[in-house]
Amino acid sequence: MTTPLFRDDAYLRTCEAEVLSVNERGGIVLDRTVFYAMGGGQPGDSGYLELEDGNRIEIATTVYDTDKSTIVHVATEGQALPAPGTNLTAHIDWARRYRLMRVHTALHLLSVALPFPVTGGQIGDSEGRLDFDMGDETVDKEALLEKLNALAAGDHAVNSEWITDEELDANPGLVKTMSVKPPRGSGRVRLVRIGGDVDLQPCGGTHVSQTSEIGPLSLGKTEKKGKQNRRVRIRLTD
């Protein structure tokens, strides 16, 4: 098990950690980490691990092991890897992570502005997209963008809370995504709440603390994917 510090504080950029294990493919497991592991449409963090002598191990991405709880930091090829028991400091690429946080939070708002079942999604560090089961409905891009930017500029607080698996089962309407299931297995599920009642849904990703941090948004290409699905892209304007 790796303690996921990012889950309680997405703004942590560094942490002290101990190497638990290293595999032959360059995967490093720490006892605790600020690195987000790929999941829910959000890419894994990149960055570096700083050894006590000042040397660095560059991390290309971060993923979950097959047990879905151990976090593996994947080093770029050709580097000397640390031995188990090594103490080090983990540093994420904060500029990239913060853009991912802004885009991820903006996609939550997109699911509010377009209140249709979500069939897929992807988060990038400057843009993201959601696929909606909209039937024959069309997207009024001008009205959508106005509503989306109004939600972001509303400076709504973004917080997390927890419910049990049983509570989620009793409230299936909380789940907006049809293809991605909420992270489960520990007996409880993390919810992300925006404002008092703007949005509430299960999510294990990282988000900004206020929607105003997202900044102004623009819309990318909107296209039809299949008979009913509509893909809507949003972008950070900076």
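Modeller: Before we start, two strands pair if DSSP finds at least two bridges between them. This is a predicted model, where local features need pLDDT of at least 70, side-chain atom pairs count only at pLDDT 80 or more, and totals for chains, interfaces and linings use all residues. Residues are numbered from 1 along each chain as its sequence is written, and side-chain values use heavy atoms, leaving out hydrogens and water.

Colleague: Okay, how many bridges join β5 to β6?

Modeller: Strands here are DSSP runs of E, at least two residues, and helices are runs of H or I, at least four, numbered from the N terminus. β5 covers residues 47–51 and β6 covers residues 56–64, and they run antiparallel. Tyr48 stands opposite Glu58 in β6. The number of bridges joining β5 to β6 is four.

Colleague: Which residue in the turn between β5 and β6 has a positive phi?

Modeller: β5 and β6 make a hairpin, with four residues between them. A phi of about 95° turns up there, and it belongs to Gly54.

Colleague: And in the hairpin of β6 and β7, which turn residue has a positive phi?

Modeller: β6 also pairs antiparallel with β7 (residues 71–75), over five bridges, and Tyr64 faces Ile71 across that pairing. Six residues sit between β6 and β7. The one with a positive phi, about 65°, is Lys68.

Colleague: Over how many bridges do β9 and β10 pair?

Modeller: β10 spans residues 127–133 and pairs with β9 in the antiparallel sense. The bridge count for β9 and β10 is five.

Colleague: How far apart are the end C-alpha atoms of α2?

Modeller: α2 has 13 residues, 141–153. The expected span is 1.5 Å times one less than the number of residues, so α2 should span 18 Å. The model agrees, because the end C-alpha atoms are apart by 18 Å.

Colleague: Which elements do the buried residues of α2 pack against?

Modeller: Buried means under 20% relative accessible area, exposed over 50% and partly exposed in between (1.4 Å probe, protein chains only); in α2 the buried ones are Leu144, Leu148, Leu151 and Ala152. They fall within an arc of 100° (taken from the directions from the helix axis to the C-beta atoms), so they line one face of α2. Glu142, Glu146 and Ala153 are exposed on the other side. Counting contact as heavy atoms within 4.5 Å, the buried residues pack against α1 (94–113), β14 (217–225) and β15 (229–236).
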